[in-house]
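This briefing goes through one structure by topic. Look at the sequence and the 3D view before reading the points below.

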There are 2 protein chains.
Amino acid sequence: MENVKIAIWGFGAMGSGMARMLATKKGVEVVGVCDMHPDRVGKNMYDVLEIEQAGRPDAIIRDKIEDVVYEGSCDLCLIATDSFTKKAFPKIKYVLEQKINVISTAEEMAYPQAQEPELAKEIDRIALENGVSVLGTGINPGLIMDLLVVCLTGCMTNVESLEAKRVNSLSPFGPAVMEEQGVGMPLDEFNKRVEEGTMAGHVGFAESVGMIADAMGWKVDKFEQQMKAIVTDVDRKSPYGFAAAGDVAGVNMTGQGYVDGEVKIDMIHPQQIEPEQVGVNTGDYITIKGTPEVNMSITPEVEGGLGTIAMCVNMIPLVINADAGLKTMIDLPVPRAIMGDFRDYIKGERKYESIQR
Amino acid sequence: MENVKIAIWGFGAMGSGMARMLATKKGVEVVGVCDMHPDRVGKNMYDVLEIEQAGRPDAIIRDKIEDVVYEGSCDLCLIATDSFTKKAFPKIKYVLEQKINVISTAEEMAYPQAQEPELAKEIDRIALENGVSVLGTGINPGLIMDLLVVCLTGCMTNVESLEAKRVNSLSPFGPAVMEEQGVGMPLDEFNKRVEEGTMAGHVGFAESVGMIADAMGWKVDKFEQQMKAIVTDVDRKSPYGFAAAGDVAGVNMTGQGYVDGEVKIDMIHPQQIEPEQVGVNTGDYITIKGTPEVNMSITPEVEGGLGTIAMCVNMIPLVINADAGLKTMIDLPVPRAIMGDFRDYIKGERKYESIQR
């Protein structure tokens with residue numbers, strides 16, 4: 001069997017991280033990359049990343065997707081360009097119409113049914129029509145505050161309510177995340193942008209709440225979320241961020257899913273640079289009230305950047321194997337670190353191979 | 001759509017617990033029970049359990065399986081009678097041949113490929129031939145020391161080795177478990193039985209190790225396990241067990257899966273009555289070395305009896321929806337607490353309904 005063939009659309013921290021990870025794996029290769037950055041276009045991905053090519057074919061970075069992704073070009077395209085379904089939609093549509101499977105890093109695509117039900121239906125229709133499948137995933141949404149919660153409820157005879165809390169450090173992240181999360185902003189500017197609706201904060205609570213509720217058969221009758229600045233009282237400095245005392249070091253997001261008028265799903269997600277400096281212990285915490293109760297913690301928290309890269313790459317075979325259509329993490333078998341040959345995971349015939357013949 | 005219809009084979013702690021749980025759920029009903037206990041045969045399950053029947057049809061306990069499970073009698077049969085695949089096999093075969101899906105509590109059935117590869121193939125063949133599916137599950141094997149481990153590796157770019165540790169209390173369990181785990185035995189009797197191979201201890205390490213390794217694409221070249229008595233230095237008393245000072249209060253099982261000559265999968269599972277009395281904190285712990293590292297704990301441990309009952313019942317719709325054949329937890333979507341109507345989870349046509357027509 002030929003190697004599993006992957007295209008990458010978007011070569012920022014996520015896309016290039018997936019390329020790096022794929023270069024360490026067996027039975028899989030990157031066949032092409034689409035990215036607009038003029039410094040990279042026309043170059044071989046392995047040279048740009050300064051990693052061993054190890055006999056793999058060149059993966060040239062192109063600025064036109066038509067030169068990278070077309071019918072028969074690959075098995076699956078990783079799209080790492082957007083956070084919102086609406087913005088990712090034209091890209092997803094293009095790839096699906098080439099009869100190529102998609103994994104998207106867009107946070108809203110982890111459960112597009114939550115905020116974009118019409119687009120979700122349209123994506124499902126296009127995928128079905130072209131006989132391929134599409135999944136949105138990442139560390140969060142995608143695992144920590146949703147799939148893992150769902151999985152842990154599986155050992156319970158009854159669930160009364162649950163809380164998912166992710167206390168993480170923004171220090172490993174680059175300038176784009178610093179900007180999105182308001183790191184270093186004066187408080188009044190942060191608050192003005194929250195009012196204007198131009199602060200991103202964490203994208204994904206609506207998706208995580210929707211995924212959990214639908215998995216368990218709860219009907220959410222109200223969803224709310226709040227965004228508050230984490231103001232630091234000492235100077236904090238991370239590789240790409242700086243918050244002076246009195247300014248914003250991160251964002252505390254909270255969200256609630258109401259079922260039958262009560263908060264049944266409670267989400268708490270403070271993100272900041274250098275939390276250790278002020279005695280904040282990072283971690284992922286899931287507390288589920290019911291029978292039997294489950295109190296889980298992961299300390300420190302699972303690192304977000306690497307976690308998202310790993311989730312997307314590790315789900316590749318499961319998406320190739322899936323029935324056609326829009327899939328979410330609760331429709332597919334559990335993610336798993338792929339330490340063997342990617343080809344050994346592929347069941348039945350690959351669309352790529354049927355088109356090659 | 002008619003209620004999802006379930007038969008139960010074996011009405012001990014697990015089978016009767018599942019009946020109790022099902023009686024609290026919507027869109028599902030027990031249509032019959034097979035059990036040999038003369039006190040129960042001929043009686044209505046709801047009377048035996050002393051719970052509300054709430055308009056559901058009678059579920060009479062019969063001692064002949066042919067009177068309970070036959071083609072068209074139900075959607076799925078829960079088999080809660082055995083620990084070993086070889087002993088469960090004739091029962092599983094009978095049910096599958098009635099074109100009825102199966103969930104088995106037999107520990108070895110969680111991954112029969114590990115120790116009974118020939119029987120696993122035969123079970124798969126029979127299920128395929130009859131167009132139905134079969135799953136073995138429970139809290140452990142089934143979730144804590146295998147599926148949950150696999151799921152957490154999903155956010156890792158590389159895994160070097162892992163340890164799964166379950167430190168639990170045997171106090172909630174009944175006389176059968178006390179006997180199996182040697183609670184109250186003098187140490188020399190325990191050791192004699194270990195030598196003779198007649199101590200049960202925990203059944204499932206080979207299955208958990210096989211499931212994790214296959215999910216990740218590791219080839220296990222050696223598997224070993226050890227069983228040691230936990231001797232108490234104080235008297236310990238639980239509802240169904242008693243261990244005098246100097247006698248056995250439980251079993252410490254350890255196991256190792258070797259990959260390329262190194263221990264990559266390490267299993268540690270001490271079980272005893274009244275661990276709190278001697279300062280032992282119970283919990284489930286998963287430590288995965290690699291990138292990024294994952295250190296998970298659930299404290300106290302997920303209660304084993306309720307956990308197994310919940311896993312079996314919550315997997316019902318996923319098994320009914322599955323393609324035909326032998327399935328394991330790594331083939332199916334994640335378990336989830338079913339708090340809504342069971343019928344809302346069923347996709348496509350039920351075999352039960354197609355036979356009824």
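**Two chains and an axis**

The model is predicted.

**Nonpolar core**

- In soluble globular proteins, nonpolar side chains tend to be buried together.
- The largest nonpolar core has 163 residues, and those touching the most other members are A:L22, A:L78, A:I316, B:L22, B:L78 and B:I316.
- Leaving aside neighbours within four places in sequence, the contacts of B:L22 include B:L78 and B:I316.

**Helix 8 of chain B**

- This helix covers residues 205-216, and at 1.5 Å a residue its 12 residues should span 16 Å. The end C-alpha atoms are 17 Å apart, which agrees.
- Helix 8 of chain B is largely enclosed by the rest of the structure, because 11 of its 12 residues are buried.
- Among the buried residues of helix 8 are B:F205, B:E207, B:M211 and B:I212.
- The buried residues of helix 8 of chain B pack against helix 5 (147-153) and against strands 7 (158-169), 8 (220-231), 11 (248-259) and 12 (262-272) of chain B.
- After helix 8 of chain B comes B:G217, with a positive phi near 80°.

**Backbone exceptions**

- Most residues other than glycine have a negative phi, and most peptide bonds are trans.
- The peptide bond between A:T291 and A:P292 is cis, with omega about -20°. A:P292 sits in the loop between strand 13 (283-291) and strand 14 (294-298) of chain A.
- The bond between B:T299 and B:P300 is also a cis peptide bond, with omega about -15°. B:P300 is in the loop between strand 14 (294-298) and helix 9 (304-314) of chain B.
- B:E50 is not a glycine, yet its phi is positive, about 55°. This residue lies in the loop between helix 2 (45-49) and strand 3 (61-62) of chain B, and B:E50 counts as exposed at 74% relative accessibility.
- B:E274, also not a glycine, has a positive phi of about 50°. B:E274 is in the loop between strand 12 and strand 13 (283-291) of chain B, and is partly exposed, with a relative accessible area of 22%.

Definitions and conventions:
Residues are numbered from 1 along each chain as its sequence is written. Chains are lettered from A and ligands numbered from 1 in the order in which they are written. This is a predicted model: local features need pLDDT of at least 70, side-chain atom pairs count only at pLDDT 80 or more; totals for chains, interfaces and linings use all residues. Side-chain values use heavy atoms; hydrogens and water are left out. A nonpolar core is a set of buried Ala, Val, Leu, Ile, Met, Phe, Trp, Tyr and Cys residues joined through side-chain atoms within 4.5 Å. Buried means under 20% relative accessible area, exposed over 50%, partly exposed in between (1.4 Å probe, protein chains only). Contact means heavy atoms within 4.5 Å. Helices (H or I, at least four residues) and strands (E, at least two) are DSSP runs, numbered from the N terminus. The expected span of a helix is 1.5 Å times one less than its number of residues.
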